[in-house]
Amino acid sequence: MERRRFLKVGALSPIAAMALTGTASSSPASAAAGRSFGFAPDGSAFLLDGKPFQIRSGEMHPARIPVRYWRHRIRMAKAMGMNTIALYVMWNYVEERPGVFDFTTDRRDIEAFVRLCQAEDMWVLLRPGPYVCGEWDLGGLPAYLLSNPDIQLRVNAFRDPRYMSAVRRYIDRLIPRVEPLLIGNGGPILMIQIENEYGSYGNDAQYLTQLRQLWIDGGITGPFYTEDGLDQVRTNRTIVPGGAIALSGGNAAAIAQARKEFPDVPTMAGEVYPGWLTHWGDPAFQGGDVDISADLKAFMDQGLSFNIYVIHGGTNFGFYAGANADNRSGHYQPDITSYDYSAPITEQGAATRRYHAYRALLGGYLATSLPDIPAPVPTLAGVRFTPTAFTSVWDNLPAPFPPERTVDPAPFEMYGQNFGFALYRRPLRGYTGGKLDIRWVHDYATVFLNNTYAGGISRPAVPDAVSKALHVTNNAPLDLPNSAVVGAEPVLDILVEGMGRTNYGHALVDRKGILRTVSLRDAGPLTGDLTGWQVFGLPMDEAYVAALKPRLADPARPGVFFEANLTLTAVADTYLDMSGWTKGFVYVNGHNLGRYWQIGPQQRLYCPAPWLRRGANRIVVFDLHQTQARPITFERTLA
């Protein structure tokens with residue numbers, strides 16, 4: 001299923017023109033003390049200080065942008081004609097463990113980002129979820145929720161109080177941070193969104209009402225709004241009392257239709273798509289042919305409010321890229337690391353051809369000149385180096401959890417692990433050969449018998465050429481060597497990588513690792529389910545990588561870490577070209593740049609200048625298949 005595409009609506013009848021009032025220059029967010037934002041009683045307009053106001057918003061996500069570039073990206077949006085920034089708060093990024101919150105380190109300081117918006121005279125639309133979708137792991141919901149075998153997500157407190165209790169804890173921690181930033185308290189936040197595109201998931205109005213009430217209980221009474229496709233909002237009536245409507249894929253005609261069906265509810269185009277998301281295995285980066293000029297012109301002609309999703313995408317650093325999975329077939333499509341999205345502002349912060357066209361269009365409607373476009377961020381290319389193998393995952397196994405053997409393997413979440421890899425190990429006394437059948441691999445497994453690579457199993461579709469070269473099946477049983485090859489009593493090792501959790505649709509409960517059973521077919525007395533496993537958690541986070549022991553007992557066994565110590569005389573943004581490698585991650589001075597994979601279309605990983613240093617730089621590569629290093633080069637662009 002393609003995220004959001006079915007939300008787009010066809011052409012409808014045009015709506016009457018509306019006077020354009022309120023610009024960034026005449027209504028600066030920096031002067032927000034004592035000001036107000038609300039809705040016209042007849043739903044015909046958004047009101048700033050009692051006067052009609054057009055929201056011209058561009059969306060970006062602080063979790064996807066290096067902190068030192070936050071101001072640059074906000075200024076880029078302002079220079080294109082925006083007066084507002086919309087942003088998601090990713091719940092799982094600020095509460096990875098139950099009750100352990102972090103709103104201060106690295107890209108998690110939402111308050112600082114919002115205050116930067118205000119310093120740049122930009123208003124804010126806050127989209128805190130709890131579910132956000134956003135091509136982000138589990139749609140922003142914390143993976144720890146999945147440690148409950150029967151958990152229900154996105155449901156009201158009567159259907160699953162465990163879920164709503166966790167949501168309450170999250171919102172309770174947000175409220176004291178958000179309240180001072182509301183427009184009525186001198187801040188730049190105009191509205192708070194309740195959930196996200198719930199009409200594409202359910203029709204439980206009680207759930208949305210309970211979420212709204214959590215904010216009210218904490219002293220925040222709005223303004224609120226909801227986000228949905230036009231068809232979804234009118235079919236499932238997924239709005240909240242007193243709240244506005246934002247339309248996914250909305251255009252001027254869709255706004256007009258919504259106003260007919262909800263005449264007293266103000267409506268805006270909440271997600272106008274200037275590009276599209278890309279999955280691993282797509283033939284090329286998606287969305288490059290999208291042109292929203294006609295939509296923008298109609299919004300400006302009629303004074304309609306809108307939000308461009310996304311004006312700048314950024315990067316799914318680390319393990320946070322999400323995935324799509326078809327509700328019926330289960331077809332699974334993980335998202336690439338880059339969230340460039342073919343947006344007007346590139347992943348690296350550069351203005352595209354579309355950016356200049358949209359800026360010229362919008363600027364032609366405004367009473368004051370737009371600010372100058374910020375200077376481009378410098379880039380670096382031409383550096384070439386080859387790392388060397390220095391250790392392996394096999395030389396850095398932690399203690400198993402639990403210490404005793406488990407009957408059946410279980411997903412990461414049941415062991416309290418959210419991301420990375422897990423190793424499932426079992427001796428096969430009496431083994432003579434057979435087929436390995438795993439129900440189910442989530443999401444990519446490499447299999448070893450007596451330390452020898454036997455093949456792989458992939459949940460995402462792998463092209464035939466890669467499948468043959470690496471002996472990787474597409475989620476099908478794997479032929480194993482016979483006993484003459486592996487010895488009398490081999491040890492079976494299954495190393496499973498968890499890729500992005502599904503972030504959209506009804507297949508949202510997407511646990512990682514081995515979900516149910518491992519069995520052998522045609523294996524004589526061993527035929528059937530295998531029990532008695534040791535499980536080793538390998539989070540592959542920055543702490544794990546920093547603690548790696550430099551020892552390589554078996555250089556020929558895949559699962560190797562490579563290291564380069566690179567001296568730079570100057571630093572700038574760059575892209576690491578990983579096209580000579582197979583599948584893995586890159587860490588630069590302790591920062592996880594994200595996943596690379598030979599199936600493409602992404603072959604280069606963005607590395608921001610703040611993560612490089614003048615002088616010595618440590619670059620670590622973990623590759624699932626290669627035991628011999630390949631050169632890596634610095635390039636200036638994603639493609």
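Biologist: Which residues form one aromatic cluster?
Modeller: First, this is a predicted model, in which local features need pLDDT of at least 70 and side-chain atom pairs count only at pLDDT 80 or more, while totals for chains, interfaces and linings use all residues. Residues are numbered from 1 along each chain as its sequence is written, and side-chain values use heavy atoms, with hydrogens and water left out. Rings of Phe, Tyr and Trp (its six-membered ring) pair if their centres lie within 6.5 Å; planes under 30 degrees apart count as stacked, over 60 as edge-to-face and the rest as tilted. The cluster consists of Tyr-93, Trp-136, Phe-319, Tyr-320, Phe-419, Phe-421, Tyr-544, Phe-561, Phe-585 and Phe-622.

Biologist: Where do Phe-401 and Tyr-415 lie?
Modeller: Phe-401 is partly exposed, with a relative accessible area of 22%, while Tyr-415 is buried at 19%. Here buried means under 20% relative accessible area, exposed over 50% and partly exposed in between (1.4 Å probe, protein chains only). The pair ties together parts 14 residues apart in sequence, because both Phe-401 and Tyr-415 lie in the loop between β15 (388-392) and β16 (421-427).

Biologist: Why is the pair of Phe-562 and Trp-581 edge-to-face rather than stacked?
Modeller: Phe-562 is in strand β26 (residues 560-568) and Trp-581 in the loop between β27 (574-577) and β28 (583-588), so the pair links distant parts of the chain, 19 residues apart. Phe-562 counts as buried at 0% relative accessibility, and Trp-581 does too at 2%. The ring centres are 5.0 Å apart, and the pair is edge-to-face because the planes stand at 85°.

Biologist: Which residues have the most contacts inside the largest nonpolar core?
Modeller: A nonpolar core is a set of buried Ala, Val, Leu, Ile, Met, Phe, Trp, Tyr and Cys residues joined through side-chain atoms within 4.5 Å. The largest one has 120 residues, and those with the most contacts inside it are Tyr-163, Trp-215, Phe-306, Leu-576 and Val-586.

Biologist: Which helix gives the largest share of this core?
Modeller: Helices (H or I, at least four residues) and strands (E, at least two) are DSSP runs, numbered from the N terminus. The largest share, 9 residues, comes from the helix at residues 161-178, α4.

Biologist: Which ring has the charged end of Arg-154 over it at 3.5 Å from its centre?
Modeller: A charge sits over a ring if NZ of Lys or CZ of Arg is within 6 Å of the ring centre and within 35 degrees of the ring normal. Arg-154 lies over the face of Tyr-201, at 4.3 Å from the ring centre. At 3.5 Å from the centre, the ring is that of Tyr-131.

Biologist: Is helix α1 mostly covered or mostly uncovered?
Modeller: Its buried residues include Trp-70, His-72 and Arg-73. In α1 (residues 70-79), 7 of the 10 residues are buried, and the helix is mostly covered.

Biologist: Which elements do the buried residues of α1 pack against?
Modeller: Contact means heavy atoms within 4.5 Å. The buried residues of α1 pack against β5 (84-88), α3 (110-119), α9 (353-363) and β30.
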